[in-house]
Amino acid sequence: MRDPATGLAIEASGLVKTFGSTRALDGIDLAVPAGTVYGLLGPNGAGKTTAVRVLATLLRPNGGEARVFGHDVVRDADAVRGKVSLTGQYASVDEDLTGMENLTLLGRLLGHRKPAARDRAAQLLAAFGLTEAADRQVKKYSGGMRRRVDIAASILNTPELLFLDEPTSGLDPRSRSQVWEIVRSVVAHGTTVLLTTQYLDEADRLAGRIAVVDHGRVIAEGTPGELKSSVGTGTVHVRLRDAGQRPEAGRVLAAALGAPVQAEADPVALTGRVAGDDGRLQAGERAARALSELAAAGIVVDDFSLGQPSLDEVFLVLTDRPAEPAGDEMEAA
Amino acid sequence: MSTATATPTGTTASYVPSAETLGAVMAPGARPPRPSPVAASLAFGWRAMLKIKHVPEQLFDVTAFPIIMTLMFTYLFGGALAGSTSEYLQYLLPGIMVTSVVMITMYTGVGLNTDIEKGVFDRFRTLPLWRPAALVGMILGDMLRYVLAGSVILAVGLALGFRPGGGVGGVVAGLGLLIVFSFAFSWVWTMFGLLLRSERSVMGVSMLVLFPLTFLSNVFVQPATMPGWLQAFVEVNPIAQLVTAVRSLMAGTPDAGAITWVLVASAVFATLFGALTMYRYNRV
């Protein structure tokens, strides 16, 4: 389902939202294609949550306008609500109730009769691996289980657009990858996902396009590849067989990369910065050359990895300053 | 509580999301039509029941508090004001019932305020529903608490020697009128619950409003002994009118004027504060 005129799930122009003297949104423009995962990337306080709350009809903007599948989020809020669902940064389920009760309640609120709502709840709990925990209060769930029941609640009626506000913040790595897998399945079934995150790697893995948000504005927009190449630098991480070879390996790498190399706390590990595409070489090619020069020098490499630029580096490049939290996002929301 | 005896989780570690099973639950079935306002409100009322089931301690204020109020005032003032406690009880009981239940209405605002802090209302507010349903359902749940508090006081009163002249019918009618008024009056607190920042401030404002309303009334003493300006206040105090109406119903001598007054006041409270609450609810 898409806005017949534009093919866009979300279309926002010049959105402004102020809280007192704080401009949480300072003229945000967004164009989210239907059927994709779109990432809003930025530090705490950048305005990501406020943007999601405006688009989900929870907040009225002070200026600008936004349409979801062609429906205005202020004038036609009810039509928007019929198409979206929201998994907030904090639990959007009732922690006093069990997983089963939460989903049954939601099913009833979406118009199912009680038996049908119970069936649907059981089906969702099974698919999300929560059958065993069905009759336990949500406040007794682990962080990952809580996220899952929250997302299960959001897809109860198979929404056309799903807002996920920092879905993996505070989760352990296993739970993170479970959430990623769920997001992929959701989008594979035609639901558009707007995801906010503080992690570039998360946006990179999931999103087709990313908008980098800072101080309530979009400061960069594009595919993950475009963003990363605009940032330019990454890192190469090398683990040697023999700690004794490290000083020499450091010299070879530094020469090949044309940048200083850092020795890590681990006595066999080295990290070097890799410049991006400079017209002659891609970052990956440059790193590959450096590795073959290590081999040529007789240095045994046990393991290596090419790291992406971190969000900090993206920010440094885009704003000439580090990604310091600009304030508490909840305060602004 | 059966649900409180949780075993350590065995599901998180073993869960592997499968595209197939997730795909099956994502398959869009036929969407049911939106629930009617009544169905949506009842679903939210069911939520309130579930919360009582899981957190039964919250019934403390509707059971212990009214019992203490009844015992305290009966024995504190009974001898001095009416010559004997059982004599005073005939006068006091309907009033203390009104005072306790009206005081309990403030927890509606406190509860709403904490609920909104927690984020589950974000989900409710993004559902395509009749907008007041979440609040109406919440107050429906609270009405159960009012009935419970009223019944507890009645039971204590009967045990202490309260003998209402209106019989069962009169008592039920009196309690019914009290519940109707409390439902309407709760909308004052939902407004404050949405307006004020913290649970604490909701509590503070509620006390500030409720203490004068309940004490500067005819609950404890006949207004005839009060100075003229205070009598004038008692005359227009809705709580005093409510006490007069409930008292008259329970005594079997319905005071049509007071009852009409209470019903009109209820309609005004529900409409005015209901509208202010919803205005605020749509702009939190």
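The sheet in chain A is open, has six strands in the order β6-β7-β8-β3-β9-β10, and its pairing is mixed. Strands here are DSSP runs of E, at least two residues, and helices are runs of H or I, at least four residues, numbered from the N terminus. Two strands count as paired if DSSP finds at least two bridges between them. At the edges stand β6 (84–87) and β10 (217–222) of chain A, each with a single partner strand, so one side of each has no neighbour in the sheet. From one strand to the next, the twist averages 20 degrees.

A word on the source. This is a predicted model, where local features need pLDDT of at least 70, side-chain atom pairs count only at pLDDT 80 or more, and totals for chains, interfaces and linings use all residues. Residues are numbered from 1 along each chain as its sequence is written, and chains are lettered from A and ligands numbered from 1 in the order in which they are written.

Back to the sheet. Strands β7 (161–165) and β8 (192–197) of chain A run parallel, joined by five bridges, with L161(A) opposite T192(A). Helix α6 (173–188) of chain A packs on the sheet and touches β3 (37–41), β7 and β8 of chain A; contact means C-beta atoms, placed from the backbone, within 7 Å.

Elsewhere in chain A, β4 (63–68) pairs antiparallel with β1 (8–19) over five bridges. β4(A) also pairs antiparallel with β5 (71–72) of chain A, over two bridges. In that hairpin, with two residues between the strands, F69(A) has a positive phi near 45 degrees.

Last, confidence. The complex gets an ipTM of 0.84 and a pTM of 0.82 from the predictor.

Conventions. Axes are lines fitted to C-alpha atoms, for helices over the stretch in contact, and angles run from 0 to 180 degrees between N-to-C directions. Two residues are in contact if their C-beta atoms, placed from the backbone, lie within 7 Å.
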